[in-house]
Amino acid sequence: MTIDPGSDFLINGYLTKFVAFVTDGVRMSTLVVADPRGVYLAGLEWVLQKAGHDVVAQCRRPVDVLAHVERHQPDIVIVGVDLADQQTSGLSSRLKAGNSALGIIFIVQPTGRLDVKEIQTLDVDGLFLDGISHRFLIECVNAVATGKKWIDNKIVQQLLMPGSQPQPMSRLTGRETEIADLVSRGLRNKTIAQRLHLSEGTVKMHLHHVYEKLHLGGRAELAWMTHGKGAGRPGTGRTGLL
């Protein structure tokens with residue numbers, strides 16, 4: 001599909017050229033997106049829209065996806081799922097019950113425990129790990145839009161290494177992961193609270209749980225674990241990234 005540079009949804013001259021270049025020959029899709037992390041959800045929508053796709057609805061709870069899909073009849077749905085949730089295994093079949101042509105993409109946490117049977121049970125068209133690059137996200141959406149299957153190469157690597165251990169961050173809930181990520185980027189509790197529409201006390205509570213689950217002494221160690229795994233741990237005397 002060739003995008004007309006004069007299309008109404010193009011905002012300005014630069015974006016027109018960008019979208020026309022990236023999407024030439026690719027079918028643009030309407031999407032419903034869902035993820036419990038508000039900041040991640042906003043970023044996901046921004047990336048998809050910048051590539052020319054149309055996000056017709058978004059929500060934070062997978063249980064709400066069904067209603068949005070029924071109402072908007074999108075081409076594709078992208079859902080951030082918790083593999084430990086028993087409802088996840090049947091979500092795909094429930095989504096396709098009303099539209100067998102619906103493309104389904106799941107975002108999963110990098111637990112390192114995926115196996116072939118689990119992937120088959122999910123019964124999705126696209127599957128990628130949380131933290132995927134913008135480029136591969138769009139590649140996945142474009143592949144599913146044309147009726148193809150797409151799986152994150154990192155998941156393939158996990159399947160080839162069944163004995164790999166789960167990453168420490170996989171112990172966290174979605175909200176704890178979101179807050180840990182923002183803290184590791186240098187944001188203060190007050191700023192995080194404002195961004196996520198939470199009280200500062202709630203942020204401190206989640207952060208306390210993060211430190212307990214990961215056995216960390218504070219913000220510096222959290223930042224090291226997230227961004228400086230190849231360097232010395234703070235306080236060990238070796239040069240790190242902090």
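Predicted model: local features only at pLDDT ≥ 70, side-chain atom pairs only at ≥ 80, totals over all residues.

Student: OK, where is Val39 placed?
Tutor: Val39 belongs to helix H2, which covers residues 38-50.

Student: Leaving aside its neighbours within four places in sequence, which residues is Val39 in contact with?
Tutor: Those are Glu178, Arg195 and Leu196.

Student: And how many residues apart in sequence are Val39 and Leu182?
Tutor: They are 143 residues apart in sequence, while their C-alpha atoms are 9.8 Å apart in space.

Student: New topic, rings. How many aromatic pairs are there?
Tutor: The count is 0.

Student: What sits over the ring of Tyr40, then?
Tutor: The charged end of Arg37 does, 4.1 Å from the ring centre.

Student: Now the inside. How many residues has the largest nonpolar core?
Tutor: It has 22, and the residues with the most contacts inside it include Leu48, Ile76 and Phe128.

Student: Which elements give two or more residues to this core?
Tutor: Strands E1 (30-34), E3 (76-80) and E4 (103-108) do, along with helices H2 and H6 (134-145). H6 gives the most, with 7 residues.

Student: What other core lies apart from it?
Tutor: One of 21 residues, among them Ala34, Cys59, Val65 and Ile155.

Student: Back to Ile76. What does Ile76 touch?
Tutor: Not counting residues up to four places away in sequence, its contacts include Val32, Ile105, Val141 and Ala145.

Conventions
Residues numbered from 1 in each chain as written. Heavy atoms only, no water. Helix = DSSP H or I, 4+ residues; strand = E, 2+ residues; numbered from the N terminus. Contact = heavy atoms within 4.5 Å. Phe/Tyr/Trp six-rings, centres within 6.5 Å; stacked < 30°, edge-to-face > 60°. Lys NZ or Arg CZ within 6 Å of the ring centre and 35° of its normal. Core = buried A, V, L, I, M, F, W, Y, C linked by side-chain atoms within 4.5 Å. Buried < 20%, exposed > 50% of the residue type's maximum accessible area, 1.4 Å probe, protein only.
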